[in-house]
Amino acid sequence: MKRYVIIVAGGKGLRMGGDIPKQFVEIKGLPVLMHTINRFHSFDSSIDIIVALPVDQQDYWKELCSKYKFEIPHTIVDGGDTRFHSVKNGLDQVSGEGVVAVHDGVRPFVYDEVLERCFSMAQEKEAVVPVIDVFETIRHIADGMSNTVPRDEYKLVQTPQVFLISLLKKAYSQPYVPSFTDDASVVEAMGHKVTLVEGNRENIKLTTPFDLKLAELLSN
């Protein structure tokens, strides 16, 4: 089946503590977003790559591509006010039958085995999300009180979240609501079941300066 990936790169870098949006921060001589695109192209050189970038970052991205001689084919679409709207803009570039993944631009360490698992399972299960176990103790806080909750009842959600194209397009025809925090939540709003598969712990989302330190180690 035809494969697409929509890479959402709308970060402004505030939690990184700098002026450079986090997707453009350099790791091992290359901006994070290029590492992420490389990851998918290395996994499947025939995959159609779509990148959602804020309009005011697109010229800078083009300059970076020229500077680093980055030539992996990809289509740029306008990032929206929310992740929902960015993905919706990306879906406008997706057509035909097949599967489409949605991935965070600042998750450059997803494993090939996870990608294969997600894309393959999506053909059968239609909606697939990679998750990992919770390793820390979790406490629930409400009304000034807190209590420990069983961590084996919870999972940490990752990307790429992969879906049949027809299903995701139908899901994104719904009006936006703030509870749409990821693509799975949009699909589940239609009453469709989402299948969980095993992710990889290294597939972290680079959000803080500490994450960048981890990224340098993972890049070795």
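This is a predicted model: local features need pLDDT of at least 70, side-chain atom pairs count only at pLDDT 80 or more; totals for chains, interfaces and linings use all residues.

1. Let me start with a backbone detail. P160 sits in the loop between β10 (155-157) and β11 (161-164), where helices (H or I, at least four residues) and strands (E, at least two) are DSSP runs, numbered from the N terminus. The peptide bond from T159 to P160 is cis, with omega near 15°.

2. Residues are numbered from 1 along each chain as its sequence is written, and side-chain values use heavy atoms, with hydrogens and water left out.

3. K69 is not a glycine, yet its phi is positive, about 50°; its place is in the loop between α2 and β5 (75-78). K69 counts as exposed at 67% relative accessibility (buried means under 20% relative accessible area, exposed over 50%, partly exposed in between, with a 1.4 Å probe and protein chains only). E126 also has a positive phi, near 80°, and is a residue other than glycine. E126 lies in the loop between α4 (112-125) and β7 (127-133) and is partly exposed, at 30% relative accessibility.

4. In general, nonpolar side chains tend to be buried together in soluble globular proteins.

5. What does W61 touch, leaving aside its neighbours within four places in sequence? The partners of W61 are F24, L33, M34, I37, L53, F70, H74 and I76, with contact meaning heavy atoms within 4.5 Å.

6. How do the helices α1 and α2 cross? The axes of α1 (residues 32-43) and α2 come within 11 Å and cross at roughly 70°. Axes are lines fitted to C-alpha atoms, for helices over the stretch in contact, and angles run from 0 to 180 degrees between N-to-C directions. The two helices α1 and α2 are therefore roughly perpendicular to each other; the cut-offs are under 35 degrees for roughly parallel, over 145 for roughly antiparallel, 65 to 115 for roughly perpendicular, and oblique for the rest.

7. At this crossing, L33, M34 and I37 in α1 meet W61, L64 and C65 in α2. By class, the contact of α1 with α2 has 6 nonpolar, no polar and no charged residues. For that count, Ala, Val, Leu, Ile, Met, Phe, Trp, Tyr, Cys and Pro are nonpolar, Asp, Glu, Lys and Arg are charged, and the others, Gly among them, are polar.

8. Helix α2 (residues 58-67) also holds K62. Is K62 buried or exposed? K62 is exposed, with a relative accessible area of 54%. S86 belongs to helix α3 (residues 83-91). S86 is buried, at a relative accessible area of 6%. Apart from neighbours within four places in sequence, S86 is in contact with V8, A52, D78, G79 and G80.

9. On the cysteines, the structure holds 0 disulfides, a disulfide being a pair of cysteine sulfur atoms within 2.5 Å. C65 counts as buried at 12% relative accessibility, and C118 is buried with a relative accessible area of 0%.

10. R151 lies in the loop between β9 (145-149) and β10 and counts as partly exposed at 39% relative accessibility. Not counting residues up to four places away in sequence, R151 touches V134, F135, E136, T137 and I138. R151 and I138 are 6.2 Å apart, C-alpha to C-alpha, and 13 residues apart in sequence.

11. Y111 is in the loop between β6 (99-104) and α4, and is partly exposed at 34% relative accessibility. Leaving aside neighbours within four places in sequence, Y111 is in contact with R39, N200 and E202. Y111 and F40 are 71 residues apart in sequence and 9.7 Å apart in space, C-alpha to C-alpha.
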